[in-house]
Amino acid sequence: FNYIKMNKVRENIYNQAKNMGYELSSYIDPGCKCNASFVGENCFILENNVIQPYTRIENNVILWSGNHIGHHSIIKENCFIASHAVISGSVSVGENSFIGVNSTIRDNIKIGKENLIGAGSLITSDTDDYSVFSTKGTERSRVPSYRLKRI
C-alpha cells in the first residue's frame, strides 16, 4: 500500500539508491500516450495513461493504469496516482501525494504536499498540505435485489 506513510518508504529507497550513486531509469508503457515535456527518473507509467503536452512528471512517480493528466500540469516527486484519475489542465500535485481510483481534480488547482485524496473524490479548490479527502460510500437500498421489478 503506497499511501501508507505518504509514499515515504518508496522515497527513502529511491534516496538510498541515489546516494549510492545509482542512475535510475523510468518505465513508460508503450500503450501510454505520453506527450509530457519532462519525465523524471524512477517513474513507472502504466498502460492507457493519457499525458497531455507541457506536463511535467518529476522523479519517483507512479501512474497506474488509465489516468488522464491534463496539459501544463505538474506531478511533483514521490506521488502515486491510482487508476482512472482525471487531473485537468494546469494542476500542481504536491510532493508525496496519493490520488485514489476515479478521483477528479478540476483545472487550475494546487494540491498541497502529502495529500491523500481517496477513491472517487472530486477536488474543486486548492488544498492545504497534509490534507485527507474521502467520499462516503454509496448507501445500500432498503429494497433487496430480489424485490426489484426494474431499475
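**Close-up views of a predicted model**

Lysine 8 is partly exposed, at 29% relative accessibility. Partly exposed lies between two limits: buried means under 20% relative accessible area and exposed means over 50% (1.4 Å probe, protein chains only). This is a predicted model, in which local features need pLDDT of at least 70, side-chain atom pairs count only at pLDDT 80 or more, and totals for chains, interfaces and linings use all residues. Residues are numbered from 1 along each chain as its sequence is written, and side-chain values use heavy atoms, with hydrogens and water left out.

**View 1. Lysine 8 and glutamate 11 form a salt bridge.** A salt bridge is a side-chain nitrogen of Lys or Arg within 4 Å of a carboxyl oxygen of Asp or Glu. Here the N to O distance is 3.7 Å. The two residues sit 3 apart in helix H1 (residues 8-19), so about one helical turn separates them. Helices (H or I, at least four residues) and strands (E, at least two) are DSSP runs, numbered from the N terminus. Glutamate 11 is buried, at 17%.

**View 2. Lysine 8 also pairs with glutamate 114.** This salt bridge spans 3.1 Å, N to O. Lysine 8 belongs to helix H1, while glutamate 114 lies in the loop between strand E15 (110-111) and E16, so the pair ties together parts 106 residues apart in sequence. Glutamate 114 is buried, with a relative accessible area of 18%.

**View 3. Arginine 56 meets glutamate 58 in a salt bridge.** The N to O distance is 3.4 Å. Arginine 56 is partly exposed at 34%. Glutamate 58 is buried at 17%. Elsewhere, shared partners join Lys8, Glu11 and Glu114 into one network of salt bridges. The model's count is 5 salt bridges.

**View 4. Cysteine 34 has its closest cysteine sulfur in cysteine 32.** How many disulfides are there? The count is 0. A disulfide is a pair of cysteine sulfur atoms within 2.5 Å. The sulfurs of cysteine 34 and cysteine 32 are 5.0 Å apart, too far for a bond. Cysteine 34 is partly exposed at 27%. Cysteine 79 is in no disulfide either, as the nearest cysteine sulfur, in cysteine 43, is 9.9 Å away. Cysteine 79 is buried, at 0%.

**View 5. Alanine 119 sits in the loop between strand E16 (116-117) and strand E17 (122-123).** Alanine 119 is partly exposed, at 48%. Its C-alpha atom is 4.3 Å from that of glycine 100, 19 residues away along the chain. Leaving aside neighbours within four places in sequence, alanine 119 contacts (heavy atoms within 4.5 Å) Gly100, Val101, Ser103 and Thr135.
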